[in-house]
Amino acid sequence: MKLSRKTNSDKVMLVVITILMIILSVIFLYPLWMTVVQSFSSSRTADSLGFKIWPQEWSLNAYEYVFGRSLIWSAYKNTIIRTVVTTVLHVMITYFGAYGLSRRGMPFKNVLTFLIVFTMFFSGGLIPSYLLIKNLGLIGSRWALILPGLTSAWNLVIARNFVQSLPYELEESAAIDGAHPLRIVFQILLPLSKPILAVLTLWVAVGQWNAYFDAMLYTNSPALKPLALLVREMVVEAQGMNESFLMVDANVASSSVRAATIVVSLGPILLVYPFLQKYFVKGVMVGALKG
């Protein structure tokens, strides 16, 4: 039976949890907010120390500089292509793989699942991965950033558990009515799998949007440089007195340019999350606990 009223201990615990969540939210969000504030600050106040809530002097010079560079637009294009192509293919391959592993009577289903899970704990490592990409002739190609991310053991297991939790009677009933297996997947199971599809889309899109290490290994051409790698170079390599990478004029602080680049790179992925949030918790919980 549900309690019609909360006890005093429940109320105290609710207050404590609420206060704790507010404190943690401020701790997590403040560095991001500081970056936003610095990106809108003038060159005179951008590097000033202290606690900041608003820019002391508003300026859009950093954003004008960032959007005026062709390198930013090229990196944006590369990141969008990589994120969209990899996310679509990853979700398709992972879902259909999960459907196959979740079917009753699937030959060697347990063995295949074990081999997939095994790779989560033991892998070849960085050097074998690089040699594989090199032997495939993908070094310096856009596909070197796309093909290795077309599926993952973790996502496959989560998706398998979700698909396995769907009522099997729906598939049996459709099969009795003469539905083709592909029709069962696309018209019955796929609409019911929106939560896990949203979770996979969010995980893969965020990971691909923020990925830079593989691009640093497999591509040398500036034309293929993704946005995350550009941000990394601006934040890490252009430190101290070595500001030649940024080539900033006197009206724009290099720190403001770095902050504006970070904000520009985070913006699109932050805008996607609210549309997928309602499916996120449900997909993760069902996929992790059932099956």
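Axes are taken here as lines fitted to C-alpha atoms, for helices over the stretch in contact, with angles running from 0 to 180 degrees between N-to-C directions. In this predicted model, the axes of helix α4 (residues 109-121) and helix α7 (residues 153-165) come within 8 Å of one another and cross at roughly 140°. On the α4 side the contact involves Lys 109, Thr 113, Ile 116, Val 117, Thr 119 and Met 120, which meet Ala 153, Trp 154, Leu 156, Val 157, Arg 160 and Gln 164 of α7. By class, the residues of this contact of α4 with α7 comprise seven nonpolar, three polar and two charged.

A further helix pair is formed by α9 (residues 181-192) and α10 (residues 194-210), which pack at an angle of about 70° with their axes 5 Å apart; α9 is therefore roughly perpendicular to α10. Leu 190, Pro 191 and Leu 192 of α9 make this contact with Lys 194, Pro 195 and Leu 197 of α10, and the residues concerned divide into five nonpolar, one charged and no polar.

The largest pocket of the model has a volume of about 280 Å³. Its lining consists of Arg 82, His 90, Ala 144, Leu 145, Pro 148, Gly 149, Thr 151, Ser 152, Gln 208, Ala 211, Asp 214 and Tyr 218, and at least two of the lining residues are supplied by each of the helices α3 (70-102), α6 (143-146) and α11 (213-218). In terms of residue class, five nonpolar, five polar and two charged residues make up the lining of this pocket.

Two salt bridges are present in the structure. In one of them, the side chains of Asp 214 and Arg 82 meet with an N to O distance of 2.5 Å, and the pair links distant parts of the chain, given that Asp 214 lies in helix α11 and Arg 82 in helix α3, 132 residues apart.

Technical notes: Residues are numbered from 1 along each chain as its sequence is written. This is a predicted model: local features need pLDDT of at least 70, side-chain atom pairs count only at pLDDT 80 or more; totals for chains, interfaces and linings use all residues. Side-chain values use heavy atoms; hydrogens and water are left out. Helices (H or I, at least four residues) and strands (E, at least two) are DSSP runs, numbered from the N terminus. Angles under 35 degrees count as roughly parallel, over 145 as roughly antiparallel, 65 to 115 as roughly perpendicular and the rest as oblique. Contact means heavy atoms within 4.5 Å. Ala, Val, Leu, Ile, Met, Phe, Trp, Tyr, Cys and Pro count as nonpolar, Asp, Glu, Lys and Arg as charged, and the others, Gly among them, as polar. On a 1 Å grid over the protein atoms alone, a cavity is a set of points where a 1.4 Å probe fits but cannot get out, and a pocket is an open set with protein on both sides within 12 Å along at least five of seven lines; lining residues have an atom within 4 Å of a point. Grid points are joined across faces, edges and corners, and a volume is the space filled by probe spheres set on the points. A salt bridge is a side-chain nitrogen of Lys or Arg within 4 Å of a carboxyl oxygen of Asp or Glu.
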